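Hi,

Here is the structure I promised to pass on.

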Amino acid sequence: MSLRDDLLAAVGLDGFVDDRGGLSAFSYEAALPSHTGPPDFVVLPRTTDQVVAVVKAAAAAGVPIVPRGSGTGLCGGSLPARGGITVAMTRMNRILRIDYDDRRAVVQPGVINLDLSNETRPHGLFYAPDPSSQKISTIGGNVACNAGGPHCLAYGTTTDHVLGLTCVLPDASVISCGIAPDDPGFDLTALLTGSEGTLGIVTEIAVRLTPVPEAVRVALAAFDSLDAACRAVSKIIARGLSPTALEMMDRLAVAAIENAFHVGYPRDCEAVLLIEVDGLADAIDERLAAVVAACREHGAAYVREARTQAERDGLWAGRKGAAGAFGRMAPNFYIQDGVVPRTRLPAALARVKEIAAYYRLENANVFHAGDGNLHPNLLFDRRDADQVKRVMAAGTDILRACVDLGGTVSGEHGIGLEKRSAMDLIFGADDLAAMANVKGCFNPSLLFNPDKIFPSSRRCAELLELAANASRLSAEGGAWI
Amino acid sequence: VDLISGATLDGAVVGEVVRPLTLEDAAALLADAGERRRNVYIVGGATHLESGRPVERIDIALVTGGLGGVVRYEPDDLTISVQSGMAAAQLAAVLAEHGQRLPIDAEAPEHATIGGMVAAGVAGPRRYGLRTLREALIGAKIALADGTVVRTGGMVVKNVSGYDLTRLMHGSLGSLGLIAEVNFKTSPIPETLAAVHFSLADGAAAARAAHALYTSRLPFIALHAASDGSLVVGCEGHRSDVTRLRAEAERVVAACKGTVVEAALGAEDVARCWSGRMAPAFGERTTTFRIASTPSQIAAAAATARDAALRADLETVWSADAGCGLLDMSVDAADRPEDLVRLERSLLDGFDAVRVARCPARLRSRLSVFGRDPQGLALMRALKQQFDPEHRLQRGRNVGVI
């Protein structure tokens with residue numbers, strides 16, 4: 001049987017795509033500057049067994065296999081770098097179980113992030129990781145990227161909420177890990193979370209559900225300078241005031257959001273800081289007041305507190321819709337995801353502005369200030385080759401600036417295809433070799449989501465090949481003890 | 001830890017003892033041991049040796065106590081990088097100067113090293129609210145068996161650059177490499193801390209009261225019940241939050257016919273209270289099984305475990321983290337190895353996940369220690385093979401005799 005026949009047998013006609021139009025949709029994701037050719041086939045499995053069958057067929061044919069969620073990735077992680085089979089997990093979208101008593105749920109990877117919280121919120125629980133894409137991104141994709149979000153400042157990122165996983169490995173075996181809190185052996189759940197589909201395809205996810213806080217306060221502070229706003233954030237963190245979210249938007253970002261949504265952010269300022277505090281009702285006002293006081297000390301000219309749920313939702317809607325708003329400002333935008341220590345925010349933003357000016361690019365910033373996680377957006381038009389070149393160069397310079405300030409190149413989007421070369425900025429050959437060794441254990445054929453995460457340098461390719469060979473040899477020789 | 005050549009460590013005779021003072025020293029010692037084909041057993045404060053399988057032979061004990069310094073502390077960033085041999089108490093003191101802490105309880109904080117606690121995946125009675133060190137970890141330097149030093153993560157609080165090798169070290173028991181330096185995000189010490197000690201009729205009543213507090217969904221930091229009928233409730237946060245939590249706890253526990261005995265207040269006394277709750281019930285003779293249940297089943301789990309011990313004719317003492325659904329059941333079986341083996345078997349029949357947290361080596365060698373093999377064992381073996389191909393580190397200590 002041909003590969004096509006095998007795949008059809010595995011997922012059925014309604015779970016199979018091989019027409020040109022259908023395939024081309026899978027050569028894109030949300031990251032606009034990077035796209036690849038289309039995959040050779042797309043399959044949309046409905047069960048773990050179907051995934052196993054697909055993985056077997058791919059292995060037998062020796063073709064690459066690339067898992068994909070909703071395609072909201074920003075680094076090309078779900079793009080078919082070498083063609084092959086794209087496994088779109090969007091039809092495995094059932095919530096399998098919710099244990100309200102034990103505050104956990106088991107979901108299939110195609111469940112939309114927000115759908116889980118919408119389901120559980122009436123029962124007083126929610127799923128805390130909240131990437132801005134949560135209305136459309138899947139929990140499986142969130143696991144692949146170890147997604148963050150505004151509320152991760154207080155609640156932690158996806159990895160802190162994944163209790164266990166069921167995963168189809170590249171050899172088509174299926175394992176479950178992390179189901180008990182102190183599972184013996186190595187923490188495979190930690191390794192698989194954030195591995196960007198290079199180690200296996202997750203088919204079930206056990207997640208922690210968090211009690212909805214009793215009280216929530218949201219306020220907005222406006223500053224006359226971005227620098228002052230950054231200093232206020234650094235001070236709020238240093239004082240240990242522990243807000244739930246601290247989100248910053250600069251002048252251009254505010255303009256974009258206001259033009260699109262009219263949520264009432266003040267336009268006549270250089271930076272808006274969105275503040276959320278949650279917890280017990282008893283101290284909530286006092287805790288918010290302490291954060292607001294820190295803002296005023298740093299020159300916040302204007303502070304407004306949301307008085308109603310509708311006002312709170314409105315303030316958040318602007319922030320969460322920022323990406324869409326940028327779409328109205330320019331044909332394309334390119335978003336970076338560097339991280340710096342929180343005390344270095346003022347310096348980092350100053351560098352971003354300098355770099356954007358140097359490359360003559362419009363730059364809007366909407367970011368997780370409380371985590372030191374920058375999201376500089378560079379606006380451009382991809383039809384202009386020179387602009388594209390300048391955008392890519394500016395992006396690299398921004399990441400280098402983050403690293404120079406003691407930070408790193410990705411806080412929550414992942415490395416994918418796009419940021420591969422940036423890995424060399426933070427890791428040396430020995431560090432990358434250790435990661436290559438991990439990949440070799442799971443994925444000795446290197447056919448699972450090839451060309452992702454690791455730098456494309458020749459040296460790194462050799463490391464991966466070496467690690468894979470070592471793993472194959474030890475497997476064949478049965479020398480695993 | 002005091003250790004000399006010829007001494008016994010967890011039942012194994014120690015050949016040489018080495019105490020590196022720097023990361024470079026440690027890496028060189030590992031490389032040298034490799035050239036001489038000696039196995040190496042990494043030791044921190046020797047407080048959790050019994051949470052793995054006993055090793056047969058220790059050629060070289062590598063004691064991390066000399067790696068005891070702060071590498072970099074950025075209080076305003078709430079991040080710290082320390083050498084792994086630093087004692088938990090010392091680290092707590094460094095952080096407390098800036099009003100910060102690492103969210104972790106240590107049984108013997110003067111001895112337990114921070115690297116050892118990461119390697120052993122230690123978490124104490126406040127796990128429900130504080131979570132584990134896994135969530136505080138942001139980076140590490142790891143010296144592999146061949147002396148290569150690998151850097152993972154960094155000094156920022158959010159990082160998805162490459163595989164998460166930092167968290168892979170948590171609970172690895174040192175089998176993949178020497179955790180030489182660790183970076184954490186720290187937390188502000190809450191304005192007010194309290195550990196409120198209640199007394200109830202018996203363990204079952206304490207577990208029921210703890211569960212009632214869990215179902216309130218109020219943000220208690222700990223709900224720790226024990227077979228002696230004691231229940232300690234952790235309340236931390238803003239002053240008025242703590243007042244409210246204490247009042248709620250008193251109301252709920254009173255409805256279960258419990259009374260307040262005392263309350264520890266302030267960071268130091270509270271930490272001491274929780275450390276005390278971790279002390280072994282029967283001293284060095286203690287065997288403790290850690291049973292992973294769920295919050296809703298915790299009272300039933302305690303009863304099932306106690307019945308199993310009764311059938312083996314062993315006296316039991318248990319404590320339960322009612323927020324996490326974890327049960328620690330302890331027995332004194334120092335003179336009754338056959339009964340202990342029977343008890344472990346019946347616990348494995350009754351529960352999905354049971355592992356030994358503490359047990360004298362000569363008894364432990366007869367137990368499975370980790371319970372059922374995990375499904376990912378073949379992968380774990382492959383990881384061991386890649387990181388330590390000659391199996392020289394903590395040889396045989398981990399699950400599957402890795």
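**What I found**

Strand 9 of chain A (residues 174-177) has A:I175 and A:C177 on its covered face and A:V174 and A:S176 on its uncovered one. Strands here are DSSP runs of E, at least two residues, and helices are runs of H or I, at least four, numbered from the N terminus.

A quick word on the source: this is a predicted model, with local features needing pLDDT of at least 70 and side-chain atom pairs 80 or more, while totals for chains, interfaces and linings use all residues. Residues count from 1 along each chain, chains are lettered from A and ligands numbered from 1 as written, and side-chain values use heavy atoms, without hydrogens or water.

Strand 9 of chain A runs antiparallel to strand 8 (residues 162-168) of chain A, joined by four bridges (DSSP must find at least two for a pair). A:C167 sits opposite A:I175. The two strands make a hairpin with five residues between them, and A:A172 in the turn has a positive phi of about 75 degrees.

Over all chains there are six aromatic pairs (Phe, Tyr or six-membered Trp ring centres within 6.5 Å; planes under 30 degrees apart are stacked, over 60 edge-to-face, the rest tilted). One of them is A:F16 with A:F41, tilted, at 5.7 Å centre to centre and 35 degrees between the planes. They are 25 residues apart, in strand 1 (residues 16-17) and strand 2 (residues 41-43) of chain A.

Cheers

Notes. Buried < 20%, exposed > 50% of the residue type's maximum accessible area, 1.4 Å probe, protein only.
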